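Hello,

Please have a look at it first and then go through the notes below.

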Amino acid sequence: MPIHDQGYRRYSGRRGLRGGAWWVIARATILSEMRQRRVIALLLLAWAPFLVRAVLIYAAANFQQASSVIGTTPQTFREFLDWQNVFVFFVTILIGAPLIADDRRANALQIYLAKPLTRVEYIVGKLAVLFAFLAFVTWVPAMLLVLLQVLFAGSLEFLTNNLFILPAITLFSLLQIFVSAFAMLALSSLSPSRRFVAMMYAGIIFFTSAMNTALSRITDSRSWAWISPNDTLDVLADAMFRLATPRAIPVPLAVGAIVVLVAGSMLVLERRVRGVEVVS
Amino acid sequence: MTPVVQLDRVSVRYGRQAALRDVSAVFPPGAVGLLGPNGAGKSTMLKSLLGFIAPETGRMEVLGLDVKQSPLEIRARLGYMPESDAHIPGMNAVSFVAYCGELAGLPKADAMQRAHEVLYYVGLGEARYRNLDTYSTGMKQRIKLAQALVHDPDLLFLDEPTNGMDPRGRDEMLELVRDISRNKGINLILSSHLLPDVEYTCDHVVVLDKGTLAAQGPIASLKGHAGRVFELRVKGDKVPFMAALRAAGIECPAPDDEVMRLFVPEHTTSAVLFQLASAHGLQVRHLRASVPSLEDVFANAVSGAR
(Lines give C-alpha, C1' and ligand atoms only; values in the text may rest on other atoms or scores of the structure.)
Protein backbone atom coordinates (compact mmCIF):
# COMPACT_ATOMS: atom_id res chain seq x y z
CA MET A 1 0.00 0.00 0.00
CA PRO A 2 1.54 3.33 -0.98
CA ILE A 3 2.38 5.76 1.81
CA HIS A 4 1.31 8.69 -0.34
CA ASP A 5 -1.20 8.35 -3.15
CA GLN A 6 0.32 10.00 -6.21
CA GLY A 7 -2.85 9.64 -8.23
CA TYR A 8 -5.29 12.39 -9.03
CA ARG A 9 -7.22 13.82 -6.09
CA ARG A 10 -10.05 16.30 -6.03
CA TYR A 11 -9.17 19.72 -4.58
CA SER A 12 -11.22 21.07 -1.73
CA GLY A 13 -8.96 23.92 -0.65
CA ARG A 14 -9.40 27.65 -0.90
CA ARG A 15 -9.61 29.45 -4.22
CA GLY A 16 -8.43 33.03 -4.47
CA LEU A 17 -10.53 36.04 -5.27
CA ARG A 18 -10.77 37.06 -8.90
CA GLY A 19 -8.73 39.98 -10.17
CA GLY A 20 -5.37 38.89 -8.77
CA ALA A 21 -4.11 37.06 -11.85
CA TRP A 22 -2.25 40.14 -13.09
CA TRP A 23 -0.06 39.95 -10.00
CA VAL A 24 0.63 36.24 -10.57
CA ILE A 25 1.74 37.05 -14.14
CA ALA A 26 3.83 40.05 -13.08
CA ARG A 27 5.52 38.28 -10.17
CA ALA A 28 6.40 35.15 -12.16
CA THR A 29 7.78 37.19 -15.08
CA ILE A 30 9.81 39.54 -12.87
CA LEU A 31 11.36 36.60 -11.01
CA SER A 32 12.11 34.86 -14.29
CA GLU A 33 13.80 38.02 -15.68
CA MET A 34 15.82 38.47 -12.50
CA ARG A 35 17.38 35.05 -13.06
CA GLN A 36 19.00 36.28 -16.27
CA ARG A 37 22.53 37.59 -15.96
CA ARG A 38 22.22 40.04 -18.83
CA VAL A 39 19.19 41.64 -17.17
CA ILE A 40 21.07 42.00 -13.89
CA ALA A 41 24.06 43.43 -15.77
CA LEU A 42 21.90 45.97 -17.59
CA LEU A 43 20.19 47.04 -14.38
CA LEU A 44 23.52 47.51 -12.62
CA LEU A 45 24.84 49.50 -15.57
CA ALA A 46 21.71 51.64 -15.48
CA TRP A 47 22.63 52.72 -11.98
CA ALA A 48 26.10 53.93 -12.99
CA PRO A 49 24.85 57.46 -13.81
CA PHE A 50 23.26 57.55 -10.39
CA LEU A 51 26.62 56.94 -8.74
CA VAL A 52 28.24 59.68 -10.83
CA ARG A 53 25.44 62.12 -9.99
CA ALA A 54 25.61 61.18 -6.32
CA VAL A 55 29.32 62.02 -6.27
CA LEU A 56 28.66 65.34 -8.03
CA ILE A 57 25.88 66.22 -5.60
CA TYR A 58 28.18 65.36 -2.70
CA ALA A 59 30.91 67.55 -4.16
CA ALA A 60 28.53 70.44 -4.81
CA ALA A 61 27.16 70.23 -1.30
CA ASN A 62 30.53 70.06 0.42
CA PHE A 63 32.96 72.10 -1.69
CA GLN A 64 32.19 75.75 -2.25
CA GLN A 65 34.28 75.99 -5.45
CA ALA A 66 32.53 73.01 -7.00
CA SER A 67 29.03 74.25 -6.29
CA SER A 68 29.42 77.15 -8.72
CA VAL A 69 30.24 74.71 -11.54
CA ILE A 70 28.21 71.63 -10.70
CA GLY A 71 25.62 73.05 -8.35
CA THR A 72 22.41 71.09 -8.04
CA THR A 73 19.46 72.64 -9.83
CA PRO A 74 16.14 71.25 -11.12
CA GLN A 75 17.92 70.85 -14.44
CA THR A 76 20.27 68.35 -12.78
CA PHE A 77 17.36 65.97 -12.31
CA ARG A 78 15.96 66.68 -15.75
CA GLU A 79 19.35 65.85 -17.28
CA PHE A 80 19.62 62.74 -15.15
CA LEU A 81 16.26 61.44 -16.41
CA ASP A 82 17.25 62.40 -19.95
CA TRP A 83 20.38 60.30 -19.60
CA GLN A 84 18.39 57.42 -18.13
CA ASN A 85 16.34 57.42 -21.33
CA VAL A 86 19.16 55.38 -22.88
CA PHE A 87 18.58 52.66 -20.29
CA VAL A 88 14.82 52.96 -20.66
CA PHE A 89 15.37 52.09 -24.32
CA PHE A 90 17.55 49.04 -23.61
CA VAL A 91 15.44 47.76 -20.71
CA THR A 92 12.30 48.12 -22.82
CA ILE A 93 13.87 46.14 -25.63
CA LEU A 94 15.46 43.43 -23.49
CA ILE A 95 12.55 42.82 -21.14
CA GLY A 96 9.59 44.12 -23.14
CA ALA A 97 10.11 42.53 -26.56
CA PRO A 98 9.47 38.92 -25.45
CA LEU A 99 6.58 39.71 -23.10
CA ILE A 100 3.76 38.91 -25.51
CA ALA A 101 5.81 37.78 -28.52
CA ASP A 102 7.04 34.67 -26.66
CA ASP A 103 3.49 33.86 -25.58
CA ARG A 104 2.35 34.15 -29.17
CA ARG A 105 5.22 31.93 -30.37
CA ALA A 106 4.33 29.23 -27.85
CA ASN A 107 0.54 29.64 -28.27
CA ALA A 108 0.37 30.54 -24.59
CA LEU A 109 -2.38 33.11 -25.01
CA GLN A 110 -5.01 30.40 -25.19
CA ILE A 111 -3.61 28.86 -22.02
CA TYR A 112 -3.81 32.20 -20.21
CA LEU A 113 -7.22 33.18 -21.50
CA ALA A 114 -8.75 29.77 -20.78
CA LYS A 115 -8.11 30.55 -17.10
CA PRO A 116 -10.41 32.82 -15.10
CA LEU A 117 -8.66 36.03 -16.06
CA THR A 118 -9.59 38.81 -18.43
CA ARG A 119 -7.55 40.17 -21.29
CA VAL A 120 -7.13 43.39 -19.31
CA GLU A 121 -5.63 41.44 -16.39
CA TYR A 122 -3.21 39.73 -18.77
CA ILE A 123 -2.12 43.07 -20.26
CA VAL A 124 -1.88 44.73 -16.84
CA GLY A 125 0.28 41.82 -15.65
CA LYS A 126 2.65 42.27 -18.58
CA LEU A 127 2.65 46.07 -18.21
CA ALA A 128 3.49 45.73 -14.52
CA VAL A 129 6.68 43.89 -15.45
CA LEU A 130 7.94 46.73 -17.62
CA PHE A 131 6.63 49.25 -15.12
CA ALA A 132 8.67 47.69 -12.31
CA PHE A 133 11.93 47.51 -14.26
CA LEU A 134 11.58 50.93 -15.87
CA ALA A 135 10.70 52.55 -12.56
CA PHE A 136 13.82 50.91 -11.15
CA VAL A 137 16.01 52.76 -13.68
CA THR A 138 14.16 56.09 -13.68
CA TRP A 139 11.95 57.07 -10.76
CA VAL A 140 13.78 55.14 -8.01
CA PRO A 141 17.30 56.55 -8.69
CA ALA A 142 15.95 60.05 -9.37
CA MET A 143 14.09 60.12 -6.05
CA LEU A 144 17.14 58.72 -4.28
CA LEU A 145 19.21 61.55 -5.76
CA VAL A 146 16.77 64.06 -4.26
CA LEU A 147 17.13 62.32 -0.90
CA LEU A 148 20.93 62.34 -1.20
CA GLN A 149 20.91 66.04 -2.04
CA VAL A 150 18.98 66.73 1.15
CA LEU A 151 21.26 64.50 3.21
CA PHE A 152 24.54 65.86 1.76
CA ALA A 153 23.41 69.49 2.01
CA GLY A 154 22.12 68.94 5.53
CA SER A 155 19.10 71.12 4.90
CA LEU A 156 15.77 71.08 3.14
CA GLU A 157 16.45 74.43 1.49
CA PHE A 158 16.85 73.09 -2.05
CA LEU A 159 13.74 70.96 -1.75
CA THR A 160 11.55 73.69 -0.28
CA ASN A 161 12.71 76.12 -2.96
CA ASN A 162 11.95 73.56 -5.68
CA LEU A 163 9.03 71.61 -4.33
CA PHE A 164 7.75 70.96 -7.84
CA ILE A 165 10.69 68.66 -8.41
CA LEU A 166 9.11 65.66 -6.67
CA PRO A 167 5.90 65.66 -8.77
CA ALA A 168 7.98 66.53 -11.86
CA ILE A 169 10.23 63.49 -11.40
CA THR A 170 7.25 61.27 -10.66
CA LEU A 171 5.13 62.53 -13.55
CA PHE A 172 7.90 62.46 -16.11
CA SER A 173 9.08 59.00 -15.04
CA LEU A 174 5.51 57.73 -15.28
CA LEU A 175 5.17 59.27 -18.71
CA GLN A 176 8.42 57.70 -19.92
CA ILE A 177 7.36 54.35 -18.50
CA PHE A 178 3.82 54.39 -19.88
CA VAL A 179 4.83 55.49 -23.36
CA SER A 180 7.65 52.93 -23.62
CA ALA A 181 5.67 50.11 -22.01
CA PHE A 182 2.50 50.57 -24.05
CA ALA A 183 4.37 51.02 -27.34
CA MET A 184 6.54 47.97 -26.70
CA LEU A 185 3.65 45.75 -25.58
CA ALA A 186 1.66 46.70 -28.66
CA LEU A 187 4.62 45.81 -30.90
CA SER A 188 5.23 42.62 -28.94
CA SER A 189 1.66 41.54 -29.62
CA LEU A 190 2.19 41.92 -33.37
CA SER A 191 4.81 39.25 -33.90
CA PRO A 192 5.88 35.92 -32.43
CA SER A 193 9.54 36.90 -32.88
CA ARG A 194 11.12 38.87 -30.04
CA ARG A 195 14.02 39.89 -32.32
CA PHE A 196 11.68 41.31 -34.89
CA VAL A 197 9.78 43.18 -32.17
CA ALA A 198 13.05 44.60 -30.80
CA MET A 199 14.05 45.73 -34.28
CA MET A 200 10.64 47.29 -34.89
CA TYR A 201 10.84 49.23 -31.63
CA ALA A 202 14.38 50.44 -32.26
CA GLY A 203 13.43 51.28 -35.84
CA ILE A 204 10.47 53.35 -34.75
CA ILE A 205 12.47 55.27 -32.12
CA PHE A 206 15.39 56.01 -34.45
CA PHE A 207 13.34 56.53 -37.59
CA THR A 208 10.90 58.99 -36.02
CA SER A 209 13.76 60.91 -34.45
CA ALA A 210 15.63 61.04 -37.76
CA MET A 211 12.44 62.10 -39.55
CA ASN A 212 11.97 64.91 -37.08
CA THR A 213 15.54 66.09 -37.57
CA ALA A 214 15.31 65.87 -41.36
CA LEU A 215 11.95 67.63 -41.62
CA SER A 216 13.05 70.31 -39.16
CA ARG A 217 16.08 71.07 -41.33
CA ILE A 218 14.17 70.97 -44.59
CA THR A 219 11.33 73.18 -43.40
CA ASP A 220 13.46 75.20 -40.97
CA SER A 221 10.84 74.57 -38.30
CA ARG A 222 10.94 72.54 -35.07
CA SER A 223 7.21 71.87 -35.19
CA TRP A 224 7.75 68.29 -36.38
CA ALA A 225 8.77 67.13 -32.92
CA TRP A 226 5.39 65.48 -32.42
CA ILE A 227 6.27 62.69 -34.84
CA SER A 228 9.06 61.49 -32.54
CA PRO A 229 7.99 60.08 -29.15
CA ASN A 230 11.36 60.92 -27.58
CA ASP A 231 11.35 64.52 -28.83
CA THR A 232 7.74 64.92 -27.71
CA LEU A 233 8.68 63.64 -24.25
CA ASP A 234 11.52 66.18 -24.17
CA VAL A 235 9.01 68.99 -24.66
CA LEU A 236 6.92 67.70 -21.78
CA ALA A 237 9.96 67.16 -19.57
CA ASP A 238 11.10 70.75 -20.08
CA ALA A 239 7.62 71.96 -19.14
CA MET A 240 7.43 69.77 -16.05
CA PHE A 241 10.86 70.84 -14.80
CA ARG A 242 9.95 74.48 -15.55
CA LEU A 243 12.91 75.01 -17.85
CA ALA A 244 12.88 78.22 -19.82
CA THR A 245 14.08 76.62 -23.05
CA PRO A 246 11.92 77.40 -26.11
CA ARG A 247 9.48 74.57 -26.79
CA ALA A 248 9.60 72.81 -30.17
CA ILE A 249 5.84 72.35 -30.09
CA PRO A 250 3.12 73.58 -27.71
CA VAL A 251 2.61 71.41 -24.63
CA PRO A 252 -1.03 70.54 -25.53
CA LEU A 253 0.15 69.22 -28.90
CA ALA A 254 2.83 67.15 -27.17
CA VAL A 255 0.23 65.77 -24.75
CA GLY A 256 -2.06 65.01 -27.69
CA ALA A 257 0.71 63.15 -29.54
CA ILE A 258 1.44 61.01 -26.46
CA VAL A 259 -2.26 60.31 -25.90
CA VAL A 260 -2.63 59.22 -29.54
CA LEU A 261 0.40 56.93 -29.23
CA VAL A 262 -0.86 55.29 -26.03
CA ALA A 263 -4.42 55.02 -27.38
CA GLY A 264 -3.12 53.47 -30.61
CA SER A 265 -1.09 50.95 -28.59
CA MET A 266 -4.15 50.06 -26.52
CA LEU A 267 -6.16 49.54 -29.68
CA VAL A 268 -3.51 47.20 -31.07
CA LEU A 269 -3.47 45.26 -27.79
CA GLU A 270 -7.24 45.02 -27.79
CA ARG A 271 -7.20 43.49 -31.23
CA ARG A 272 -4.18 41.22 -30.84
CA VAL A 273 -4.53 39.79 -27.34
CA ARG A 274 -7.19 37.17 -27.94
CA GLY A 275 -7.65 33.52 -27.21
CA VAL A 276 -8.12 32.80 -30.87
CA GLU A 277 -6.52 34.37 -33.90
CA VAL A 278 -8.91 34.93 -36.77
CA VAL A 279 -7.19 34.97 -40.15
CA SER A 280 -9.48 36.56 -42.70
CA MET B 1 -29.74 14.71 -15.80
CA THR B 2 -28.80 18.37 -16.03
CA PRO B 3 -26.63 18.88 -19.10
CA VAL B 4 -23.13 20.24 -18.54
CA VAL B 5 -23.17 22.13 -21.82
CA GLN B 6 -26.08 23.34 -23.87
CA LEU B 7 -26.13 25.22 -27.15
CA ASP B 8 -29.28 26.80 -28.45
CA ARG B 9 -29.28 27.81 -32.13
CA VAL B 10 -25.68 28.99 -32.09
CA SER B 11 -24.12 30.48 -35.21
CA VAL B 12 -20.50 31.58 -35.40
CA ARG B 13 -18.83 33.29 -38.32
CA TYR B 14 -15.22 34.14 -39.15
CA GLY B 15 -15.77 37.08 -41.44
CA ARG B 16 -17.83 35.69 -44.30
CA GLN B 17 -17.10 32.09 -43.40
CA ALA B 18 -19.78 30.37 -41.30
CA ALA B 19 -18.05 28.06 -38.80
CA LEU B 20 -21.18 26.99 -36.89
CA ARG B 21 -24.66 27.23 -38.34
CA ASP B 22 -27.69 27.21 -36.09
CA VAL B 23 -26.31 24.46 -33.86
CA SER B 24 -28.43 23.23 -30.97
CA ALA B 25 -26.78 20.52 -28.92
CA VAL B 26 -26.88 19.05 -25.43
CA PHE B 27 -23.86 17.53 -23.69
CA PRO B 28 -24.92 15.32 -20.77
CA PRO B 29 -22.65 14.67 -17.75
CA GLY B 30 -19.85 12.14 -18.23
CA ALA B 31 -17.66 11.83 -21.28
CA VAL B 32 -19.03 13.18 -24.53
CA GLY B 33 -17.26 12.91 -27.86
CA LEU B 34 -17.37 15.84 -30.20
CA LEU B 35 -16.91 14.23 -33.57
CA GLY B 36 -16.51 15.60 -37.02
CA PRO B 37 -14.13 15.76 -39.94
CA ASN B 38 -11.49 18.50 -40.07
CA GLY B 39 -13.14 21.88 -40.48
CA ALA B 40 -16.47 20.66 -39.09
CA GLY B 41 -16.45 23.34 -36.37
CA LYS B 42 -15.38 21.28 -33.34
CA SER B 43 -12.60 23.61 -32.18
CA THR B 44 -14.77 26.63 -32.94
CA MET B 45 -17.47 25.21 -30.70
CA LEU B 46 -15.02 24.69 -27.83
CA LYS B 47 -13.53 28.15 -28.27
CA SER B 48 -17.00 29.68 -28.31
CA LEU B 49 -17.84 27.86 -25.10
CA LEU B 50 -14.65 29.24 -23.56
CA GLY B 51 -15.75 32.73 -24.53
CA PHE B 52 -12.90 33.25 -27.03
CA ILE B 53 -15.33 33.80 -29.89
CA ALA B 54 -18.67 35.58 -29.55
CA PRO B 55 -21.41 33.82 -31.49
CA GLU B 56 -23.41 35.82 -33.98
CA THR B 57 -26.66 34.35 -32.71
CA GLY B 58 -27.79 31.84 -30.13
CA ARG B 59 -27.19 31.10 -26.49
CA MET B 60 -24.69 28.83 -24.76
CA GLU B 61 -24.64 27.46 -21.24
CA VAL B 62 -21.80 25.69 -19.47
CA LEU B 63 -22.36 24.10 -16.05
CA GLY B 64 -25.64 25.99 -15.83
CA LEU B 65 -23.98 29.39 -16.42
CA ASP B 66 -24.49 31.64 -19.41
CA VAL B 67 -21.27 31.90 -21.42
CA LYS B 68 -21.85 35.53 -22.34
CA GLN B 69 -22.61 36.68 -18.81
CA SER B 70 -20.33 34.52 -16.67
CA PRO B 71 -17.22 33.64 -18.69
CA LEU B 72 -14.85 33.92 -15.73
CA GLU B 73 -17.00 31.80 -13.41
CA ILE B 74 -17.17 29.17 -16.13
CA ARG B 75 -13.43 29.24 -16.81
CA ALA B 76 -12.71 28.86 -13.10
CA ARG B 77 -14.52 25.49 -13.22
CA LEU B 78 -13.23 24.41 -16.58
CA GLY B 79 -9.98 22.94 -17.88
CA TYR B 80 -8.97 23.38 -21.50
CA MET B 81 -6.43 21.30 -23.34
CA PRO B 82 -5.85 23.07 -26.68
CA GLU B 83 -5.22 21.23 -29.91
CA SER B 84 -2.04 23.04 -30.87
CA ASP B 85 1.21 22.87 -28.96
CA ALA B 86 0.87 25.44 -26.17
CA HIS B 87 3.08 26.22 -23.17
CA ILE B 88 4.74 29.14 -21.47
CA PRO B 89 8.32 29.41 -22.66
CA GLY B 90 11.29 29.19 -20.36
CA MET B 91 9.56 27.26 -17.60
CA ASN B 92 10.01 23.72 -16.35
CA ALA B 93 6.97 21.48 -16.09
CA VAL B 94 6.30 21.87 -12.41
CA SER B 95 6.64 25.67 -12.49
CA PHE B 96 4.37 25.82 -15.53
CA VAL B 97 1.63 23.68 -14.04
CA ALA B 98 1.84 25.45 -10.66
CA TYR B 99 1.71 28.79 -12.47
CA CYS B 100 -1.44 27.67 -14.30
CA GLY B 101 -2.91 26.65 -10.95
CA GLU B 102 -2.20 30.08 -9.52
CA LEU B 103 -3.72 31.74 -12.57
CA ALA B 104 -6.83 29.66 -11.92
CA GLY B 105 -7.00 31.02 -8.38
CA LEU B 106 -5.22 28.41 -6.28
CA PRO B 107 -2.96 29.64 -3.45
CA LYS B 108 0.74 29.37 -4.33
CA ALA B 109 1.52 26.46 -1.97
CA ASP B 110 -1.55 24.48 -3.02
CA ALA B 111 -0.82 25.11 -6.69
CA MET B 112 2.70 23.76 -6.27
CA GLN B 113 1.52 20.68 -4.38
CA ARG B 114 -1.14 19.93 -6.95
CA ALA B 115 1.31 20.51 -9.79
CA HIS B 116 3.49 17.68 -8.46
CA GLU B 117 0.48 15.40 -7.99
CA VAL B 118 -1.00 16.08 -11.40
CA LEU B 119 2.36 15.64 -13.13
CA TYR B 120 2.73 12.21 -11.53
CA TYR B 121 -0.82 11.41 -12.56
CA VAL B 122 -0.22 12.22 -16.23
CA GLY B 123 3.06 10.31 -16.23
CA LEU B 124 5.53 13.19 -16.18
CA GLY B 125 6.66 12.77 -12.58
CA GLU B 126 10.25 11.96 -13.49
CA ALA B 127 10.50 14.76 -16.08
CA ARG B 128 8.86 17.47 -14.03
CA TYR B 129 11.98 19.59 -13.57
CA ARG B 130 12.87 19.55 -17.26
CA ASN B 131 12.40 22.67 -19.35
CA LEU B 132 9.24 22.44 -21.46
CA ASP B 133 11.13 23.47 -24.59
CA THR B 134 12.95 20.10 -24.44
CA TYR B 135 9.76 18.01 -24.25
CA SER B 136 8.73 15.60 -27.00
CA THR B 137 5.34 15.91 -28.72
CA GLY B 138 3.82 13.22 -26.53
CA MET B 139 5.12 14.88 -23.36
CA LYS B 140 3.73 18.21 -24.51
CA GLN B 141 0.31 16.58 -24.88
CA ARG B 142 0.56 15.31 -21.32
CA ILE B 143 1.67 18.66 -19.94
CA LYS B 144 -1.32 20.30 -21.64
CA LEU B 145 -3.55 17.82 -19.85
CA ALA B 146 -1.78 18.51 -16.55
CA GLN B 147 -2.28 22.27 -16.79
CA ALA B 148 -5.95 21.70 -17.58
CA LEU B 149 -6.34 19.48 -14.50
CA VAL B 150 -4.30 21.33 -11.90
CA HIS B 151 -7.16 23.44 -10.53
CA ASP B 152 -9.47 20.43 -10.36
CA PRO B 153 -12.08 21.48 -12.91
CA ASP B 154 -15.63 20.16 -13.08
CA LEU B 155 -15.46 20.01 -16.84
CA LEU B 156 -12.59 19.36 -19.24
CA PHE B 157 -12.39 20.35 -22.89
CA LEU B 158 -9.90 18.10 -24.65
CA ASP B 159 -9.18 19.16 -28.20
CA GLU B 160 -7.58 16.29 -30.13
CA PRO B 161 -5.65 15.00 -27.09
CA THR B 162 -3.87 12.17 -28.93
CA ASN B 163 -2.54 14.30 -31.80
CA GLY B 164 1.04 13.44 -32.69
CA MET B 165 1.39 10.68 -30.09
CA ASP B 166 2.94 7.29 -30.75
CA PRO B 167 0.64 4.23 -30.36
CA ARG B 168 1.74 3.50 -26.80
CA GLY B 169 1.46 7.12 -25.73
CA ARG B 170 -1.93 7.31 -27.39
CA ASP B 171 -3.18 4.29 -25.47
CA GLU B 172 -1.89 5.77 -22.22
CA MET B 173 -3.54 9.10 -22.94
CA LEU B 174 -6.85 7.39 -23.69
CA GLU B 175 -6.57 5.44 -20.44
CA LEU B 176 -6.04 8.71 -18.59
CA VAL B 177 -9.04 10.30 -20.27
CA ARG B 178 -11.17 7.30 -19.44
CA ASP B 179 -10.00 7.30 -15.85
CA ILE B 180 -10.69 11.02 -15.47
CA SER B 181 -14.28 10.70 -16.57
CA ARG B 182 -15.14 7.33 -15.01
CA ASN B 183 -13.21 7.34 -11.73
CA LYS B 184 -12.45 10.95 -10.90
CA GLY B 185 -15.92 12.36 -11.47
CA ILE B 186 -14.84 15.01 -13.99
CA ASN B 187 -17.08 15.65 -16.98
CA LEU B 188 -15.30 15.97 -20.26
CA ILE B 189 -15.83 16.82 -23.87
CA LEU B 190 -13.39 15.11 -26.17
CA SER B 191 -13.09 16.71 -29.57
CA SER B 192 -11.58 14.36 -32.11
CA HIS B 193 -11.80 13.13 -35.65
CA LEU B 194 -10.47 9.76 -34.50
CA LEU B 195 -13.48 7.52 -34.01
CA PRO B 196 -11.73 4.78 -32.02
CA ASP B 197 -10.57 7.39 -29.46
CA VAL B 198 -14.09 8.62 -28.96
CA GLU B 199 -15.59 5.14 -28.91
CA TYR B 200 -13.11 4.02 -26.25
CA THR B 201 -13.53 6.96 -23.90
CA CYS B 202 -17.03 8.37 -24.37
CA ASP B 203 -20.61 7.29 -23.81
CA HIS B 204 -22.26 10.04 -25.84
CA VAL B 205 -21.38 11.77 -29.07
CA VAL B 206 -22.24 15.01 -30.78
CA VAL B 207 -21.41 14.83 -34.48
CA LEU B 208 -20.71 18.00 -36.44
CA ASP B 209 -20.32 18.35 -40.15
CA LYS B 210 -19.64 21.57 -42.02
CA GLY B 211 -20.72 23.63 -39.06
CA THR B 212 -24.05 21.89 -38.56
CA LEU B 213 -25.21 19.27 -36.12
CA ALA B 214 -25.29 15.90 -37.87
CA ALA B 215 -26.24 13.64 -34.93
CA GLN B 216 -26.18 13.47 -31.16
CA GLY B 217 -27.00 10.93 -28.47
CA PRO B 218 -25.64 7.91 -26.61
CA ILE B 219 -23.24 5.92 -28.76
CA ALA B 220 -25.07 2.68 -27.98
CA SER B 221 -28.43 3.94 -29.21
CA LEU B 222 -26.94 5.66 -32.26
CA LYS B 223 -25.24 2.39 -33.21
CA GLY B 224 -28.37 0.40 -32.53
CA HIS B 225 -30.85 2.30 -34.65
CA ALA B 226 -31.40 2.76 -38.40
CA GLY B 227 -31.71 -0.88 -39.39
CA ARG B 228 -28.83 -3.10 -40.26
CA VAL B 229 -25.40 -2.75 -41.76
CA PHE B 230 -24.11 -4.88 -44.62
CA GLU B 231 -20.69 -5.17 -46.18
CA LEU B 232 -21.01 -5.52 -49.93
CA ARG B 233 -18.46 -5.99 -52.71
CA VAL B 234 -19.59 -5.99 -56.32
CA LYS B 235 -17.90 -6.27 -59.71
CA GLY B 236 -18.85 -3.67 -62.32
CA ASP B 237 -19.75 0.03 -62.52
CA LYS B 238 -20.72 1.07 -59.02
CA VAL B 239 -21.88 4.63 -59.70
CA PRO B 240 -25.37 3.93 -61.10
CA PHE B 241 -25.76 1.08 -58.63
CA MET B 242 -25.05 3.40 -55.67
CA ALA B 243 -27.56 5.88 -57.04
CA ALA B 244 -30.16 3.11 -57.24
CA LEU B 245 -29.36 2.03 -53.66
CA ARG B 246 -29.90 5.56 -52.42
CA ALA B 247 -33.16 5.79 -54.37
CA ALA B 248 -34.27 2.64 -52.54
CA GLY B 249 -33.61 4.34 -49.17
CA ILE B 250 -30.34 2.53 -48.51
CA GLU B 251 -27.58 4.77 -47.12
CA CYS B 252 -24.42 4.23 -49.06
CA PRO B 253 -21.43 6.42 -48.15
CA ALA B 254 -18.69 6.58 -50.77
CA PRO B 255 -16.39 3.61 -50.00
CA ASP B 256 -12.69 4.03 -49.23
CA ASP B 257 -11.92 0.64 -50.81
CA GLU B 258 -13.74 -2.10 -52.72
CA VAL B 259 -16.06 -2.97 -49.85
CA MET B 260 -19.14 -0.78 -49.39
CA ARG B 261 -20.88 -0.45 -46.05
CA LEU B 262 -24.62 -0.16 -46.56
CA PHE B 263 -27.18 1.04 -44.01
CA VAL B 264 -30.32 -0.86 -44.80
CA PRO B 265 -33.69 0.28 -43.36
CA GLU B 266 -35.31 -1.99 -40.81
CA HIS B 267 -37.88 -3.67 -43.06
CA THR B 268 -35.68 -4.04 -46.14
CA THR B 269 -34.10 -7.45 -46.70
CA SER B 270 -30.82 -8.34 -48.32
CA ALA B 271 -32.74 -9.67 -51.32
CA VAL B 272 -33.21 -6.07 -52.47
CA LEU B 273 -29.46 -5.73 -52.77
CA PHE B 274 -29.26 -8.76 -55.07
CA GLN B 275 -32.18 -7.48 -57.16
CA LEU B 276 -30.61 -4.04 -57.60
CA ALA B 277 -27.21 -5.53 -58.43
CA SER B 278 -28.77 -7.83 -60.97
CA ALA B 279 -30.78 -4.97 -62.51
CA HIS B 280 -27.50 -3.05 -63.03
CA GLY B 281 -25.60 -6.03 -64.39
CA LEU B 282 -23.28 -6.35 -61.39
CA GLN B 283 -21.90 -9.49 -59.80
CA VAL B 284 -22.21 -9.68 -56.02
CA ARG B 285 -18.84 -11.00 -54.82
CA HIS B 286 -19.31 -10.56 -51.11
CA LEU B 287 -22.26 -9.80 -48.84
CA ARG B 288 -22.11 -10.04 -45.08
CA ALA B 289 -24.18 -8.65 -42.24
CA SER B 290 -21.99 -6.44 -40.07
CA VAL B 291 -22.08 -4.95 -36.57
CA PRO B 292 -22.72 -1.18 -36.59
CA SER B 293 -19.71 0.76 -35.34
CA LEU B 294 -19.26 4.38 -34.37
CA GLU B 295 -17.66 4.77 -37.76
CA ASP B 296 -20.99 3.81 -39.33
CA VAL B 297 -22.83 6.26 -37.11
CA PHE B 298 -20.40 8.95 -38.13
CA ALA B 299 -20.50 8.11 -41.84
CA ASN B 300 -24.27 7.87 -41.74
CA ALA B 301 -24.64 11.16 -39.89
CA VAL B 302 -22.21 13.00 -42.11
CA SER B 303 -23.70 11.66 -45.35
CA GLY B 304 -27.18 12.39 -43.96
CA ALA B 305 -26.20 15.97 -43.24
CA ARG B 306 -25.12 16.35 -46.85
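Which residues have the most contacts inside the largest nonpolar core? Before the reply, please keep in mind that this is a predicted model, in which local features need pLDDT of at least 70 and side-chain atom pairs count only at pLDDT 80 or more, while totals for chains, interfaces and linings use all residues. Residues are numbered from 1 along each chain as its sequence is written, and chains are lettered from A and ligands numbered from 1 in the order in which they are written.

The residues in question are A:Leu185, B:Val97, B:Val118, B:Ala146 and B:Leu188, and the core that holds them has 154 residues. A nonpolar core here is a set of buried Ala, Val, Leu, Ile, Met, Phe, Trp, Tyr and Cys residues joined through C-beta atoms within 7 Å, where buried means that 20 or more other C-beta atoms, placed from the backbone, lie within 10 Å of the residue's own. Helix H11(A) gives the most to this core, with 13 residues. Apart from it lies another core, of 14 residues, which includes B:Leu232 and B:Leu262.

Chain A as a whole has 14 helices and zero strands, with helices (H or I, at least four residues) and strands (E, at least two) taken as DSSP runs numbered from the N terminus. Of the 280 residues in chain A, 38% are buried, and its C-alpha trace spans about 85 × 55 × 30 Å along the principal axes.

The axes of helix H9 (residues 139-153) and helix H11 (residues 165-188), both of chain A, come within 10 Å and cross at roughly 170°, the axes being lines fitted to C-alpha atoms over the stretch in contact and the angles running from 0 to 180 degrees between N-to-C directions. H9(A) is therefore roughly antiparallel to H11(A), a label used for angles over 145 degrees. Among the residues that meet there are A:Trp139 and A:Met143 in H9(A) and A:Ile165 and A:Ile169 in H11(A), a contact being counted when C-beta atoms, placed from the backbone, lie within 7 Å.

Finally, the contact between the chains takes 33 residues from chain A and 37 residues from chain B. On the side of chain A that touches chain B, H7(A) gives the most, with five residues.

Best wishes

Notes. Parallel < 35°, antiparallel > 145°, perpendicular 65-115°, else oblique. Contact = placed C-beta atoms within 7 Å. Buried ≥ 20, exposed ≤ 12 C-beta atoms within 10 Å, placed from the backbone.
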